[in-house]
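Colleague: Please take a close look at one part of this model for me. I would like the charged pairs first, then their surroundings.

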Amino acid sequence: MCHTPKGGAGAAGAASSGGKPVSIGTVLNALREEFPEVTISKIRFLEAEGLVEPKRTSSGYRKFTPADVERLASVLRMQRDHYLPLKVIREHLDAVERGEQVPLPAPAAPSGELVDAVPGLCEDHPAAARIGRAELLAAAEVDEAALADWESYGLIVPHADGAYDIEAVTVAKLVADLGRFGLEPRHLRVVKAAAEREADLVEQVLAPLRRHRNPQTRAHAEGTAKELGTLTVRLHAALLQGALRGRPQ
């Protein structure tokens, strides 16, 4: 049985039926307690990538053991908290199963509401939270053609050295998810433009603080940025939900 990071036993326990193997639907319901975005397609993809190997019935149905569920939860947690490529995750879990002690890298960003809403906004050293193109493709589970398309519309922008800020992973996953509903990159330019206008608004408040001679005042600007970012995201979400509710059914 593989090692499960803190909090991982819950999914296996929720999916377990007296230790008997369970269906993929039961696994999905259990994992969604911690990973609301997980889908059956995601579980099948992780199986295809060799991250989990459920048994099959004579009729071809998948049956997952509690160990399988723990392993899936560990994979999803390492993707979410550490932004690790699947290859690295597989190697880590295999090493743990062999009894080796393999430390994981520190999470890419501290946990918290703002990080969940706007990953990367709270980073004290953004340059340290960058990844390469290959890592972005693996973490977001997209291909070169899709990434190039998103870049052409400015949804994802690399730095001059070709690296990406860590929040590019979140952006890529969200763009991919929206694509499943028929929203193409060209449709999402309006979202990108809105985000840039919101950033400009926040910057108007921060600019005087950042130019101040007092180091403490300049340091206060970073805390203000986090707070303004949180409030802006909340306002945007509330206005969007209100607008959607106001539309005819």
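Modeller: Arg62 is buried, since its relative accessible area is 19% and the cut-off for buried is under 20%. Its salt-bridge partner is Glu47, with the closest N and O atoms 2.4 Å apart. Arg62 sits in strand β2 (residues 62-63) and Glu47 in helix α3, so this pair ties together parts 15 residues apart in sequence. Glu47 is buried as well, at a relative accessible area of 17%. Keep in mind that this is a predicted model.

Side chains of opposite charge can pair when their charged atoms come close. A search of the whole structure turns up 13 salt bridges. One of them brings together the side chains of Arg77 and Glu34, at 2.7 Å from N to O. Arg77 belongs to helix α4, while Glu34 is in the loop between α2 and α3, so the bridge ties parts that are 43 residues apart in sequence. Arg77 counts as buried, at 4% relative accessibility. Glu34 counts as partly exposed, at 28%.

Another bridge joins the side chains of Arg180 and Asp177, at 2.2 Å from N to O. Arg180 is exposed, with a relative accessible area of 64%. Asp177 is partly exposed, at 34%. Shared partners also link bridges together: Glu34, Arg77 and Arg80 form one network.

Now the nonpolar surroundings. The largest nonpolar core has 22 residues. Val27, Leu31, Ile43, Phe64, Leu72 and Ile89 have the most contacts inside it. Two or more residues each come from α2 (24-31), α3 (40-48), α4 (66-82) and α5 (86-97). Helix α4 gives the most, with 6 residues. Helix α4 also holds Arg77, and α3 holds Glu47.

Leaving aside neighbours within four places in sequence, Ile43 is in contact with Ile24, Val27, Leu28, Leu31, Val38, Phe64 and Leu72.

Next, the surface. Leu178, Phe181 and Leu183 form a nonpolar patch there, with about 320 Å² of accessible area together. Leu178 is placed in helix α9 (residues 167-179). Leu178 is partly exposed, at a relative accessible area of 34%.

The buried residues of α11 are Thr217, Ala221, Thr224, Ala225, Gly229 and Thr230.

Last, the chain as a whole. Its secondary structure comes to 11 helices and 4 strands. Of its 249 residues, 34% are buried. Among contacts between residues at least 6 apart in sequence, 56% join residues at least 24 apart. The chain exposes about 14,900 Å², and carbon and sulfur atoms supply 55% of that.

Back to your charged pairs. Arg62 and Glu47 are joined by a salt bridge, with Arg62 buried and Glu47 buried. The bridge between Arg180 and Asp177 has an exposed Arg180 and a partly exposed Asp177.

Key
Residues are numbered from 1 along each chain as its sequence is written. This is a predicted model: local features need pLDDT of at least 70, side-chain atom pairs count only at pLDDT 80 or more; totals for chains, interfaces and linings use all residues. Side-chain values use heavy atoms; hydrogens and water are left out. A nonpolar core is a set of buried Ala, Val, Leu, Ile, Met, Phe, Trp, Tyr and Cys residues joined through side-chain atoms within 4.5 Å. Buried means under 20% relative accessible area, exposed over 50%, partly exposed in between (1.4 Å probe, protein chains only). Contact means heavy atoms within 4.5 Å. Accessible areas come from the Shrake-Rupley method with a 1.4 Å probe; for residues, only the protein chains shown count as cover. Patches are made of residues with over 30% relative accessible area and no salt bridge: like charges are joined within 9 Å, nonpolar side chains (Val, Leu, Ile, Met, Phe, Trp, Tyr) within 5 Å. A salt bridge is a side-chain nitrogen of Lys or Arg within 4 Å of a carboxyl oxygen of Asp or Glu.
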